[in-house]
Amino acid sequence: MAAVVPRWRLGCLAGVRHFGALPSNSEYLNMILNAKVYDVCKRTDLHFAPSLSKLTGNRVFLKREDTQSVFSFKIRGAYNRIVALSAEEKAQGICACSAGNHAQGVAFSAAALDVSAKIFMPQTTPNIKVDAVRRFSNEKSEVILVGDNYDAAYAATMECMRNEGRVLVHPFNDPLVIAGQGTIGKEILEQTTKEDVEAVFCCVGGGGLLAGVASFLKAVKPSIKVIGVEAHDSAAMTESLKAQKVVELPTVGLFADGAAVAKVGDETFRLCQMHVDDMITVSTDEICAAIKDSFKDTRVVLEPAGALATAGLKRYALSGRATEGRCLVAVSSGANMDFDRLRFVSERADTSETHIAVNIPEKAGAFIDFYRLIFPRNVTEFAYRISGDPASIFMSFQAKSEEDRAAALEALRGAGYDFLDLSQNELAKTHGRSLIGGRAPPELTSEEGLFSFEFPEKPGALMRFLEQLPSDFNVSLFHYRGHGADVARVLVGIQVPGKSRAGFRDYLAYLVSKGYSWKEETQNDIYTRFLLETSEVNTSGRKRPFPPPLTLTGSSVTEPCSSKAVLPQRTGAIPKRDGLGLAGGKVKAFYLALHILNWYDAVPENLDILLTERDFEVEDYGVPVFTDMRPASVKPGQLIRFPHEPGAAMPSVRALLLLLALAEAEGLDGEKGRAKSGHWWETEVMYQIYPRSFQDSNGDGTGDLKGIEQRLPYLKELGVGFLWLSPVMKSPMMDFGYDIADFHAVDPLFGSMQDMKDLIAAAEKLGIKLLMDFVPNHSSNASEWFKESRSSKTSPKRDWYMWHPGVVVDGERRPPNNWASNFGGGLGSSWTWDEKTEEYYYHAFGEFQPDLNYRNPEVVEAMKEVLRFWLDLGVGGFRIDAVPFLLEDPELRDEAFDAACAKTQPIWNCMVHNYTQNDPKNHEIIQGWRETVDQYGERVIFGEIYAPLKDLMEYYGTPEKPEFNVPFNFEVLGQNYGQPNDLSVAKVVRDAVRSYAEALPDWCHGNWVLGNHDNHRLMQRLRNNTRLATTVYAFFNLLPGTPVVYQGDEIAQRDLFIPYSLCRDPMCLKNPEMFATTGRDPERTPMQWTPGFQSGFSTSNRTWLPVNPDHVTVNVETEAKASTSPLSVMRSTLAWRSRHPTLSLGSITEVPGDLGQLNQDLVVAKYTMGDETTTAATVANWNPSQVLSVDLQALLEAQRVGEARHRASKVQLAFSTASREEVDVKGLTLAPGEVVVVTYTSGKVLVPIIA
Ligand SMILES: [Ca+2]
Ligand SMILES: [Ca+2]
């Protein structure tokens, strides 16, 4: 049937309309009743809104236009317009201009009617909307992005219309469009036959919806009020009706962008003027609140324009205009919400916030007096910046009710506070909170430090924090914003005069003890750029903040190893010394500066600094004070004296500025300015538990979680701080847990998930943390993941693993390349054929361990989720398995292979693994893990990487993109892995320590692994020389870096030979010819606790691997009684270490080698302790039978040749593994295997600032 063309349809150019005669009211009624919208639109529900009804005392209904296929009512008008086109017009096509929902309606309708549409959208339209329009378009249609704004796009539309003869589909100013929207009025009437409708609310942009709905209702049931709702900042219809003519707004607010129209249509205006009862304008806050109200009743998030009607309805009802109990209807007109705006909406939806600006006296304690008047109401924001007396504060709080709000304000008034209620001040709410204060002048910030604090958010937490603020330091900036998060964050500026800095540190330490964590932000760019005034341009031509921030530069918060220099927290009393002792090597000007600041009062005499030529080679010191004083008073070779005057801040500040400048010029990043704040994994000792062999609690012959729990007190006494558990996740145990079937479950062999939780809790009570073994490279072939992947080639998890059809060579199908399984066996291929789906799958290890495909982002995310699962349970972190194996060469290239080698070794050992290991992209995956773990605060990842030192260090990442907190150091354990090392030669140790210390980047924390479940025990490698094994552990326990103890090594437990018939390890089973060297069972036999039955490990007659018969002498119980036993030496070294946490944080500076006067069996490692003022050396006598005599004073001074400017230092014996009376370090004799620590300081300062 051909569409009837009404006589008025002469043209429809907005702005240039020239209707011959406009449709009459009855014609509109007719057009609405006959509108052809139901081909593509649905008759939307009229949804009863219980919450809104309760709130208003009316029966409130929402007309759910958000449920149309394009999520808004616009499709009604667009379709009704397009369907009415003549055949000729349809062939010409249409055009439209829109930045939003109209475009979607046009695209959808054009597609439904097979019409070509050109839709013009401003280039600035968000992608989400452009994509939506494209999604609805047919092939004949086109979305054209043009111009910077709607007007420009509209001009292009007009041009297209003229050039191509297309028909414009106007968004509102067209009778057929208006009639299409009018069908909503018709439906509302049909749907409310049982209701007593008082009013219907419609949003207004151009006015099409309101005009249509009003035209219908006023024609059929004029008693129903029709009310239009506009945003307060784009009320074009309201203004026009008021002026009785169409007016154009100079600007429109864009929040309700779907209804942001500067000028309504002349036809919509005409209709509204005739039919509309009233207009209401609403604020942004009201719109946000309406979005929330609608959400409560429908669980749908409306776009701002879509919620306008609801906001208006609320305003109407709550202002008392509605008759109680009658029915109110709002058209929920659209749900195309930009997801990015949700945060803003949710923040603003809360209209219960009261915002005030108030002046309080600028004095300590004024804050809390003020806050007490608001308390216990919830404070959502609190901002302050020093600006002189009185101080201005911005505060937001939530009152329980309007009365409560009034009461709070009255209380403030009563206490004499002069405040401003900002609740209705849009500028204040949007920007005021971030503008409070701004830059403070230098005279107010010269002693200011900026700190961020975090603490658990709960009622009253802010109050308690305010109570903790130090009364003797002035607060110069304060900002708190409640985010509804579980952690509260506060930013505080505090004025700390130089001489009070030590006291301030104590205060920070006190806060940490109270559960607050802090981080200094004084060097944060935001601070210097936005909160400080800048100085005049200095000699470098750059502007600098003035004065430069004085900083403690520290944190109690977990931070990645960073290149920033960090002063370790001062512990205990200030050392008594003659002057400031500095470490050998380069002088750390930065540290010196901080020490001056901290200890100024404690320096008992004048501080002399001699400037050298080099001090003047630096162009840009960036410090005005220094530039000032340089020409007048300072010359190279001149001694500057900073007189000692306790309490006199000025000299120390001058010194600080000078030294900071020098430090900056020296480039601390490259120097050993190490990031050391002493995380637990840096200062505590790691202990590896192999759970199958640690302690059996239920008599089945295998160790378990309850067993570990029983032995926690032993571990505590031993002095270890955290445990790494080899895998206990659910597994078929083909590789004893390194083949995981379910990453979220504990294997029943070890116990239940509850046992795991109990273990974590019990360990925590003792201050011991637990690291899980995370095995990311592969799963078990029994995992649900792999079963699904293997089920068909089209399985959604097919790509979670690595499948390949193989290659056909000479008519025979073969794996795609020569990659070998790490576990050997047969041809050794790492590709196994799957009969069912006729493809190979890849496995770096056993065929029961298919590799996960880390090129698939789903896998990457699934494994992060595994990390979060265990972190949520409270584990301290992870040891991560087989890291180099994660990704393989995407081109599957063959690896180089040495055939001769394979005669005596498993094939894998004879290949160069440059295509299956250490892929550069592995690092991105690890960065992702680190980010995941770091989100949990003080947690850690250790990595298992057998790689050359250079490659190993890459796994620390960079300070900006950190990877492992600690990649395991296998230098001592595993040189020439697979061949037992002979460590009886001191040189092996010396070289291993030296090369590791040289390779370790300055900002990274080292570690020492001496044994694990994959390598022959230390005792085996030392030919069962107990004394030497004891010495090896003692020596490494007394070096900087984290020691790692493998269970049993503390009692010098030995390998037990396991014949092939008894072996359990796949490395043994798969390599029968060479099982004795490849098998790992010998180092995995049960822990030896007592001389008794099964050594106390189990009550079973049969344990999974036999207990070593030597347990009658080698066991915990026996060794605990002997003071020189391996166990006793282990305990005493760990105890000394724990009393000196700075030891672990130090840097090894020198490992002397071929010195004539040194006995070759002495191993010496020199290092700075973490506080950078103490230098120490650990010396071991590696000779198993000879006493060696050495003059340590001479030894250490001998190292000083070339550092002539240092004075002689005093060497002191600090620790020995032997019991000794002797303390004279000249001619000290070291017993066989004895290890001593000496400390020495380099006398008085310090002629060279820069050595
Ligand atoms: Ca058991
Ligand atoms: Ca892999």
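The sections below treat the basis of the model, its cores and a sheet.

## Basis

The model is predicted: local features need pLDDT of at least 70 and side-chain atom pairs count only at pLDDT 80 or more, while totals for chains, interfaces and linings use all residues. Side-chain values use heavy atoms, with hydrogens and water left out, and residues are numbered from 1 along each chain as its sequence is written.

## Nonpolar cores

A nonpolar core is a set of buried Ala, Val, Leu, Ile, Met, Phe, Trp, Tyr and Cys residues joined through side-chain atoms within 4.5 Å, buried being under 20% relative accessible area with a 1.4 Å probe, protein chains only. The largest such core has 139 residues, and Tyr687, Phe878 and Phe1035 have the most contacts inside it. Helix 30 (residues 857–873) supplies its largest share, eight residues; helices (H or I, at least four residues) and strands (E, at least two) are DSSP runs numbered from the N terminus. Because domain 4 (775–914) and domain 5 (1148–1250) both give residues to this core, it lies between them; the domain bounds come from an automatic or database assignment.

A second, separate core of 73 residues includes Leu52, Ala179, Cys327 and Ala335.

Six strands form an open sheet in the order 1-2-10-7-8-9, with mixed pairing; two strands pair if DSSP finds at least two bridges between them. Strand 1 (46–48) and strand 9 (278–282) are at the edges with a single partner strand each, so one side of each has no neighbour in the sheet.

Strand 7 (residues 197–203) and strand 10 (residues 327–332) run parallel and are joined by four bridges. Ala199 has Leu328 in strand 10 as its bridge partner.

Methods. Chains lettered and ligands numbered in written order. Buried < 20%, exposed > 50% of the residue type's maximum accessible area, 1.4 Å probe, protein only.
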